[in-house]
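Biologist: Could you take a close look at one part of this model with me? I would like a connected walk through it.

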Amino acid sequence: MSGLSKSPWIIHYDASSCNGCDIEVLACLTPIFDVERLGVVNTGNPKHADIFLVTGAVNEQSRDVIRNIYNQMPEPKVVVAVGICASTGGIFRECYNISGGIDSVIPVDVYVPGCAARPEAIVDGVVQALGVLEQKHKDTQAAVSNMDNVLYLRAEKSDAPDILALQKTAGQCEAEVYNEENLPALQQTLGELQNDFDQAVFIKAVVNGKIIGSVRGQTRDDTALVSGISVHPYFQRHDIGRRLVEEVEKAFPNAKRFEAFTGQPNKRSLHLLGRAGYQEFKTEPFTPAITWVYLQKERQ
Amino acid sequence: MNSWIRILIYLVAAPIVGGLLAGWDRRISARMQSRQGPPIRQPFYDVQKLWSKQNIVVRRSQNFYIGFFLLMVIFTGALFFGGSDLLLVIFALTLAAIFFVLGAYKASSPYSFIGAERELIQIMAYEPMVLLTAIGMYMVTKSFAVNDIANHPTLLVLALPGVFLGFLYTLEIKFRKSPFDLSCSHHAHQELVRGITTEFSGRTLALIEIAHWYENVFLLGWVYLFFASMPVLGVAMSLFVFVFVILVDNVFARLKWQTAIRSAWIVAAVFGFGNILVLSLLSAKPAIPAAPAAAIAQPAASRTVPAAAATPALNNANVIAQRN
């Protein structure tokens, strides 16, 4: 028991809703529905929240806010799209400024359709979200207890969505280190990542069927470029990053030299590559805050 | 009862009692708003959940401060229930509050900053009255030691009605309830996001919750001290005060911080200081027999307080004895 399902704290955000669904969300807190009897608290603070209730479709203005709130929520977390606009874009779907439902920006776990969604449906959606929350927690716990049995495998193209999600979770920690939101790893889309599979080799670290780490390698002449080392925040500091680098090196038996790069303030990944035997040979400024550091290693 | 046993009971029972009180608080509030309300054990579920959440930090040291906040709150309560010096208890309490503020300052977020600043203002608002309460209790019992105050044969509240009212006002601030929930937005007001606790998540937030439980039990213990000669009445009044604070919380809107600090100081000056002034005027006439009484009380006090605390406490006692 984690108590997760007994104390769901909610943050509610209006992406571009007409306020119909928002009024219904707040109606859930009133004496008639009183969701507090289920332990629900409307926190208004992403760092305290477990469930992200979003109403309305995504437009240019709300996209960054949604992503920001989602990133600030501690794991495990669940997203509930309330109302048809949040679910699919609704009647605004074709508008020039609308990118679609909430799932066009962040992964959505529960969809509550309706225009406006009725309070009963919203309460039901929250209750279903609790199941998802509990499941996510169990998966992580099971993975943590199986830390010794990490499998390092060649990733398939079908793993791309999982790897993208991992890249974004891990990249977000990196963004905090750099204090820079526009990292290439965070900007990549699914399509771009799938295209990368044609040119690069991906290695995944798997625990209990869940991908917790990934790295990619690409050949250029005699050199293998190692990049995109991502490890899920829960599993960092367990030497998984170094093992991933080791595995990807094995995938290129003909390479004479390996090259990797990382950013200057990111001490953790510099340390990781240092332990894997890499040495710095070139730096290149990226933004005022970040300097890319290139590291290399000769095959022994 | 041995003071060590009392401390042990406090350490074990305070989080349980404090958590149940928090549960009742939410339940009673809900009933006052004609809602069903969460189960009584809800605060425990909350803490259990927070314990299994990811801990996101801006700076790692912010959690360190919160750990110390919890430690100091527990230390405060242990001193109090161990029957130690009331002044030392107040210093430890203030130190705890300061660590909480430092933790919030450490997380450089504007909401956290505003929360921290308002918490400091609240400390400024309640501190005079808390000190006057200790002084008032000394005036009646001639001792700062909680043991001596608790064993005093008369009902303290009869001699200190003004101080009691002032202390009640302080409790409204200490419990972070409306009209004084300035630093930490509970309930639905979210203009400060979550104020002082905005940047804390996961286990750290759970530690803050637990610290509040310890703190609340300690504060209600202090209410009990006013009625210590009649234990049943004391417990009943502690619970009544708790319900009263909840009622006030549900009845009042939030005050501006300027009003909060001004009103708190006026209450401290009128009720607290006025009460003490009257006491000192009344006890001024039999000044000659009162002096030896104080002299007897002092060694009794020094026996129970730790050696380090004895000196300032005695100095303070002398100052007040001279004033008498």
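In what order do the five strands of the open sheet in chain A run, and is the pairing parallel or antiparallel?

Modeller: Happy to, and please keep in mind that this is a predicted model. The order across the open sheet of chain A is E2-E1-E3-E5-E7, and the five strands pair in the parallel sense. At the edges sit strand E2 (41-42) and strand E7 (110-112) of chain A, each of which pairs on one side only.

Helix H1 (residues 20-27) of chain A packs on it, touching E1, E3 and strand E5 (78-82) of chain A. The direction of H1 makes about 145 degrees with that of E3(A). Helix H2 (residues 60-72) of chain A also packs on the sheet, where it touches E1, E3 and E5 of chain A. For H2 of chain A, the direction makes about 170 degrees with that of E1(A).

Elsewhere in chain A, helix H8 (residues 240-250) has several buried residues, among them A:Ile240, A:Leu244, A:Val245 and A:Val248. The buried residues of H8(A) pack against strands including E8 (151-154) and E12 (257-263), and against helix H9 (267-275) of chain A.

Methods: Residues numbered from 1 in each chain as written. Chains lettered and ligands numbered in written order. Predicted model: local features only at pLDDT ≥ 70, side-chain atom pairs only at ≥ 80, totals over all residues. Buried ≥ 20, exposed ≤ 12 C-beta atoms within 10 Å, placed from the backbone. Helix = DSSP H or I, 4+ residues; strand = E, 2+ residues; numbered from the N terminus. Contact = placed C-beta atoms within 7 Å. Pairing = 2+ DSSP bridges. Axes fitted to C-alpha atoms, helices over the stretch in contact; angles between N-to-C directions.
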